[in-house]
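Let's take a friendly walk through this model together. Have the sequence and the 3D view open as you read.

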Amino acid sequence: MKQSNSLPTGLFLIIIGLFFFIAQFVDIPIDNHWPLIIIIGGLVFLATATFGSKPDLTIPGTLLTGLGSLLYYQSLTGNWASWSYAWTLIPGFVGLGHLWHARLTTDPDQKKVGQRIILRSFILFLIFGTLFNGLLSPLVLLGLLLILAGIRLLWR
């Protein structure tokens, strides 16, 4: 393994090792906080992408951080049923990775792809959140979709 590629893995292992080491001496209940390991892993990827000149790590970094955040919310609240619509945010996390990558590399194509993915993910989140959880009333959802369709037509 090349030394430059081992940076995220090494940082991740050190941080997780410190977490478990400190947890032995300080009363840290790990029951509901296990998703922090996933979040920390994602943040290590993002830090390596940003400061280690490895922009390709932004997409797995945002994906891991986003998934870890969803799992952390569900672990703390017990709202595991939110997976019926929360899964629609996963493409949005990938879209955020594309935007971050575009910012680091000034690649306009990455920016466009990221924006499209985030918009579609957000629309799916609204639709499924409304259907399965009553996130919005159906009329509010319909109004938002019509507004977005109008903006898209004007944008062209």
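Helices (H or I, at least four residues) and strands (E, at least two) are DSSP runs, numbered from the N terminus. This is a predicted model, in which local features need pLDDT of at least 70 and side-chain atom pairs count only at pLDDT 80 or more, while totals for chains, interfaces and linings use all residues. Residues are numbered from 1 along each chain as its sequence is written, and side-chain values use heavy atoms, with hydrogens and water left out.

## Two loop residues with positive phi

T106 sits in the loop between helix 5 and helix 6. Its phi is near 50 degrees, a positive value in a residue other than glycine. T106 counts as exposed because its relative accessibility is 67%; here buried means under 20% relative accessible area, exposed over 50%, and partly exposed in between (1.4 Å probe, protein chains only).

S53 lies in the loop between helix 2 and helix 3. The phi of S53 is near 55 degrees, again a positive value in a residue other than glycine. With a relative accessible area of 61%, S53 is exposed.

## How the helices pair

Axes are lines fitted to C-alpha atoms, for helices over the stretch in contact, and angles run from 0 to 180 degrees between N-to-C directions.

| Helix pair | Axes come within | Crossing angle |
|---|---|---|
| Helix 2 (residues 35-51) and helix 3 (residues 58-77) | 7 Å | roughly 160 degrees |
| Helix 5 (residues 90-105) and helix 6 (residues 108-133) | 7 Å | roughly 160 degrees |
| Helix 6 and helix 7 (residues 138-155) | 10 Å | roughly 160 degrees |

What do these angles say about direction? Angles under 35 degrees count as roughly parallel, over 145 as roughly antiparallel, 65 to 115 as roughly perpendicular and the rest as oblique. The axes of helix 2 and helix 3 cross at roughly 160 degrees, so helix 2 is roughly antiparallel to helix 3. Likewise, the axes of helix 5 and helix 6 cross at roughly 160 degrees, which makes helix 5 roughly antiparallel to helix 6. Helix 6 and helix 7 are also roughly antiparallel to each other.

A crossing is left-handed if the near helix is turned anticlockwise from the far one by less than a right angle, and right-handed if clockwise. Helix 2 passes helix 3 in a left-handed crossing. The crossing of helix 5 and helix 6 is left-handed, and helix 6 passes helix 7 in a left-handed crossing too.

H101 belongs to helix 5, and its 11% relative accessibility makes it buried.

Helix 6 holds G129, which is buried with a relative accessible area of 0%. G129 and V44 are 85 residues apart in sequence and 31 Å apart in space, C-alpha to C-alpha. F122 is also placed in helix 6. At 42% relative accessibility, F122 counts as partly exposed. From F122 to N79 there are 43 residues in sequence and 20 Å in space, C-alpha to C-alpha.

Is I16 buried or exposed? I16 is in helix 1 and counts as buried, at 11% relative accessibility. I16 and V26 are ten residues apart in sequence and 15 Å apart in space, C-alpha to C-alpha.

V26 takes part in a nonpolar surface patch of about 630 Å², together with I14, L18, F21, I22 and F25. Patches are made of residues with over 30% relative accessible area and no salt bridge, where like charges are joined within 9 Å and nonpolar side chains (Val, Leu, Ile, Met, Phe, Trp, Tyr) within 5 Å. A salt bridge is a side-chain nitrogen of Lys or Arg within 4 Å of a carboxyl oxygen of Asp or Glu. Accessible areas come from the Shrake-Rupley method with a 1.4 Å probe; for residues, only the protein chains shown count as cover.

One of the patch residues, F21, is located in helix 1 (residues 7-23). F21 counts as exposed, at 52% relative accessibility.
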